[in-house]
Amino acid sequence: MSSTSILLYVDIQYISPYALSAFVSLHEKGLLFDIQTIDLAAKAQHEPGFATKSLTSRVPTLIHDEFSLSESSAIAEYIDEVFPGTIPSRTTESGKSASGASLAPQRSHTYQTRASY
Ligand SMILES: N[C@@H](CCC(=O)N[C@@H](CS)C(=O)NCC(=O)O)C(=O)O
């Protein structure tokens, strides 16, 4: 059985709306993925360990197996292309997710808890 690995880099404070939108894109699909945090205040985005993986040296950056992708909108499109057809109805769950993403700065602790899976 083949397995795939998905890693999402987000900011350590979980306040980036871009990173949270990528998080929601993955979460909506019910995908299992790992989260790694980058301390933007400490300029960790410019350290080689991250900068060599991220074209923009920004969060979010997605690593899917050997493939690396930055930019939240590109990540959302990519996820939808590679994992098609599993988005819940726009009128229900995904609407709630989108709403949650827009409230993210106020609800960052909720996402931090979820990020542990
Ligand atoms: N257009 C990008 C914006 C990403 C972005 O600005 N991320 C910020 C955090 S909100 C970042 O990583 N800043 C670090 C830096 O610019 O050095 C996207 O949609 O992903």
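**Notebook: Pro60 and its surroundings**

I began with Pro60, and leaving aside its neighbours within four places in sequence, I found it in contact with Leu8, Tyr9, Val10, Tyr18, Ala19, Ala22, Ser72 and Ile75. Two residues are in contact if their C-beta atoms, placed from the backbone, lie within 7 Å. I note that this is a predicted model, in which local features need pLDDT of at least 70 and side-chain atom pairs count only at pLDDT 80 or more, while totals for chains, interfaces and linings use all residues. Residues are numbered from 1 along each chain as its sequence is written.

**Entry: Pro60, continued**

A residue is buried if 20 or more other C-beta atoms lie within 10 Å of its own, exposed if 12 or fewer, and partly exposed in between, with C-beta atoms placed from the backbone. Pro60 is found in the loop between α2 (48-51) and β3. Helices (H or I, at least four residues) and strands (E, at least two) are DSSP runs, numbered from the N terminus. I checked the peptide bond from Val59 to Pro60 and found it cis, with omega near 5 degrees. Most residues other than glycine have a negative phi, and most peptide bonds are trans. I also noted Ile38, which is 22 residues from Pro60 in sequence and 9.5 Å from it in space, C-alpha to C-alpha.

**Entry: positive phi**

I then looked up two phi values. Tyr14 has phi near 55 degrees, a positive value in a residue other than glycine. Tyr14 sits in the loop between β1 (6-11) and α1, and it is buried, with 22 other C-beta atoms within 10 Å. Ser57 also has a positive phi, near 55 degrees, and is not a glycine. Ser57 lies in the loop between α2 and β3, and it is partly exposed, with 17 other C-beta atoms within 10 Å.

**Entry: helix α3**

Which residues of helix α3 (residues 72-82) are buried? I found Ser72, Ile75 and Ile79. They cover an arc of only 55 degrees around the axis, so they are on the same side of α3. The arc is that of the directions from the helix axis to the C-beta atoms. An α-helix has 3.6 residues a turn, so residues three or four places apart point the same way. On the other side of α3, I found Ser73 and Glu81 exposed. I looked for what covers the buried residues of α3, and the cover includes α1 (17-28), β3 (61-64) and β4 (67-70).

**Entry: α1 against α3**

I looked up how α1 and α3 pack: the angle is about 5 degrees, and the axes are 9 Å apart. Therefore α1 is roughly parallel to α3. Axes are lines fitted to C-alpha atoms, for helices over the stretch in contact, and angles run from 0 to 180 degrees between N-to-C directions. Angles under 35 degrees count as roughly parallel, over 145 as roughly antiparallel, 65 to 115 as roughly perpendicular and the rest as oblique. From α1 the contact uses Tyr18, Ser21, Ala22, Ser25 and Leu26, and from α3 it uses Ser72, Ile75, Ala76 and Ile79. I sorted the residues of this contact into six nonpolar, three polar and no charged. Ala, Val, Leu, Ile, Met, Phe, Trp, Tyr, Cys and Pro count as nonpolar, Asp, Glu, Lys and Arg as charged, and the others, Gly among them, as polar.

**Entry: the ligand**

Which residues are around the ligand? I listed Asp11, Ser16, Tyr18, Leu40, Gln45, Arg58, Val59, Pro60, Glu71, Ser72 and Ser73. A residue is near a molecule if its C-beta atom, placed from the backbone, lies within 6 Å of it. The shell around the ligand divides into four nonpolar, four polar and three charged residues.

**Entry: two exposed residues**

I found Phe67 in strand β4, and Phe67 counts as exposed, with 9 C-beta neighbours inside 10 Å. Gly30 is in the loop between α1 and β2 (34-38), and Gly30 is exposed, with 10 other C-beta atoms within 10 Å.

**Entry: the whole chain**

Last, I looked at the chain, which has five helices and four strands. Read along the sequence, the pattern is β-α-β-α-β-β-α-α-α. I noted that 26% of the 117 residues of the chain count as buried.
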